[in-house]
Amino acid sequence: MGLTVLMNAGPWLAVPPPGYGGIENVVATLVPELRKLGVRVLLASVGSSTLAADERLSVFPDGQFENLQRPYNQVCGVAQAHLHGVVRTLRERDDIDLVHDHVEAVGLATLAALGPGAAPVLHTLHWDLGKHPDLYGTLDGGDRVRVNAVSAAQLARAPRALRAHAIGHVHLATPLAVGADRRAPVEVGDYALILGRITPGKGQDTGARLARRANIPLVLAGPVGPYRDPAELAAAGAAARQNPDVRFWYDEVAPHVDGVTVRWIGQVAGAERDGLVARARATLFPLRWEEPGGTAVVESLALGTPVVATRRGCLPELIEHGRTGLLTDDEDELADLVVAAGLVDRAECAREAARRFTPEVMARRYLELYERVRRQPVAVAVLAA
Ligand code: UDP
């Protein structure tokens with residue numbers, strides 16, 4: 001009999017996500033591959049998710065992402081309500097072999113608290129592990145709860161108690177990596193692209209400032225907080241400034257956005273997003289944080305577009321300087337590197353993605369980890385005996 005896994009994608013966005021959505025994209029990439037490998041998947045998500053699974057469970061009909069932006073005391077019940085539904089299912093059933101959890105902090109804490117009799121848990125850490133020091137610094141999931149990182153660099157920053165639960169890292173994958181090495185080349189434009197949430201860690205302000213100075217066309221694509229495009233943001237008025245990413249946009253990024261050299265086009269999705277990435281001279285990551293997993297980085301390689309980035313977080317694991325992109329410790333060099341990216345072999349970027357970042361590679365690695373998580377308590381019990 002194959003494994004039955006409860007895949008907990010959480011209550012924030014549908015799977016696959018309608019546009020932006022790093023974790024939901026990972027789940028949407030992983031589940032079909034696991035099912036091909038014989039795993040039965042019970043998807044815990046929201047009612048509007050369309051991803052095929054063997055079974056589903058949801059507490060909320062739709063994604064609660066917009067609520068995530070509200071003050072903590074108004075929103076703290078959302079993830080708990082979702083987890084409440086997950087735990088109820090786990091208590092009612094005895095055929096769940098493992099929970100693969102993706103819900104930040106609340107998923108880990110709740111599932112760890114279920115105690116030794118409950119199903120084994122693999123919790124994927126998608127975040128900057130400098131967050132939640134109180135939880136990560138004191139975590140005790142016994143032998144039953146294990147965590148995995150999405151890069152080696154991310155795990156290296158984890159507090160000791162969290163690292164004690166770790167069983168390595170799994171790099172992110174993208175469906176775009178399948179057959180990436182066989183895709184016909186596209187006509188490349190003259191612009192650089194920053195694709196992602198507009199937020200201080202992603203450094204859109206730095207990118208926009210440097211692009212203006214060097215007169216390099218730059219496209220900023222992605223939402224600002226819950227606002228998908230300039231019209232939505234404008235319609236929200238001054239109240240939107242309660243959101244820190246909105247304040248970052250107005251105070252730090254917008255002054256460099258002239259609508260000609262530097263443009264913000266809002267959130268993009270599907271074929272529009274892929275075309276935008278595929279035609280970019282380079283994707284740019286002027287990071288101000290230790291990027292944990294870099295979905296947009298592997299997507300860029302899969303579409304044959306070299307990556308230009310500050311050498312932070314997972315970037316040196318994903319990008320080989322000179323071969324699939326250009327990395328620097330000095331952000332002032334980024335504009336020159338965008339120009340130099342024209343020399344990077346785009347076919348080599350696509351080959352790298354086809355080799356390392358396919359859904360199948362990711363799913364096989366997770367399956368390996370599931371087996372290890374399931375074996376772990378037995379191993380400990382045998383040792384104790
Ligand atoms: N994304 C998108 N449209 C946008 C901005 C981002 O589809 O306008 C996607 C992007 O392609 C990637 C994900 O959202 O799949 C962002 O994941 P990443 O790991 O790069 O960033 P984070 O999870 O830190 O926001």
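Helices (H or I, at least four residues) and strands (E, at least two) are DSSP runs, numbered from the N terminus. This is a predicted model: local features need pLDDT of at least 70, side-chain atom pairs count only at pLDDT 80 or more, and totals for chains, interfaces and linings use all residues. Residues are numbered from 1 along each chain as its sequence is written, and side-chain values use heavy atoms, with hydrogens and water left out. Searching the whole structure gives 3 cavities of 30 Å³ or more.

**Terms**
- A cavity is a set of points, on a 1 Å grid over the protein atoms alone, where a 1.4 Å probe fits but cannot get out; lining residues have an atom within 4 Å of a point.
- Grid points are joined across faces, edges and corners, and a volume is the space filled by probe spheres set on the points.

**Largest cavity**
- Its volume is about 50 Å³.
- The lining includes Trp 127, Arg 157, Glu 290 and Gly 313.
- Domain 1 (4-173 + 358-384) and domain 2 (176-356) both contribute lining residues, so the largest cavity lies between them; the domain bounds come from an automatic or database domain assignment.

**Second largest cavity**
- The second largest cavity holds about 40 Å³ of space.
- Helix H8 (204-214) and helix H14 (334-340) are the elements that give two or more residues to its lining.
- H8 supplies the largest share of this lining, 3 residues.
- Among the lining residues are Ala 192, Ile 216, Leu 284 and Val 338.

Technical notes: On a 1 Å grid over the protein atoms alone, a cavity is a set of points where a 1.4 Å probe fits but cannot get out, and a pocket is an open set with protein on both sides within 12 Å along at least five of seven lines; lining residues have an atom within 4 Å of a point.
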